[in-house]
Amino acid sequence: FPITGANTKMHCKVFEDNSGALEIAKIHKYRPRTKHLNVKLHHFRDYVTRGEISINPIGTDDQLADYLTKPVNAEKLRKLRKGVMGW
């Protein structure tokens, strides 16, 4: 059966440890070195402007996705893995 009149709205939080990426996403300013950025950035910025995505700064030590992109030692791997798994 069809559902009518239902507007679901979702809010997404993005955690970023790179101050340059935070500035590019939040401040709409032309920079000569960023003119090559593609449509994905503008699409992302649109969501930020509409308030559907909020960008939050996070310390490098607390960035849970680091173990997916960087080599980390066993101790840090255990800590980050527990955070990702919610343990």
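The legends below describe close-up views of a predicted model. Residues are numbered from 1 along each chain as its sequence is written, and side-chain values use heavy atoms, with hydrogens and water left out. Local features need pLDDT of at least 70 and side-chain atom pairs count only at pLDDT 80 or more, while totals for chains, interfaces and linings use all residues.

**View 1. Overall chain.** The protein chain has 4 helices and 2 strands, in the order β-α-α-β-α-α along the sequence. Helices (H or I, at least four residues) and strands (E, at least two) are DSSP runs, numbered from the N terminus. Of the 87 residues, 14% are buried; buried means under 20% relative accessible area, exposed over 50%, and partly exposed in between (1.4 Å probe, protein chains only).

**View 2. The largest nonpolar core.** Leu22, Ala25, Val48, Ile53 and Ile55 make up this core of 5 residues. A nonpolar core is a set of buried Ala, Val, Leu, Ile, Met, Phe, Trp, Tyr and Cys residues joined through side-chain atoms within 4.5 Å. At least two residues of the core come from each of α1 (19-26) and β2 (53-57). Beyond its neighbours within four places in sequence, Leu22 is in contact (heavy atoms within 4.5 Å) with Glu16, Ile55, Asn56 and Pro57.

View 3. Asp46 and Arg50 form a salt bridge, with the closest N and O atoms 3.5 Å apart. A salt bridge is a side-chain nitrogen of Lys or Arg within 4 Å of a carboxyl oxygen of Asp or Glu. Because Asp46 and Arg50 are 4 residues apart in helix α2 (residues 39-50), about one helical turn separates them. Asp46 is partly exposed at 37% relative accessible area, and Arg50 is partly exposed at 45%.

**View 4. Salt bridge between Asp62 and Lys79.** The side chains of these residues meet at 3.8 Å, N to O. Asp62 lies in the loop between β2 and α3 and Lys79 in helix α4, so the pair ties together parts that are 17 residues apart in sequence.

**View 5. Surroundings of Asp66.** Asp66 lies in helix α3 (residues 66-69) and is buried, at 5% relative accessibility. Asp66 forms a salt bridge with Lys70, the closest N and O atoms being 3.4 Å apart; Lys70 is partly exposed, at 41%. Not counting residues up to four places away in sequence, Asp66 touches Asp17, Thr60, Lys76 and Leu80.

**View 6. The end of helix α4.** Met85 belongs to helix α4 (residues 74-85). Gly86 follows α4 and has a positive phi, near 80°.
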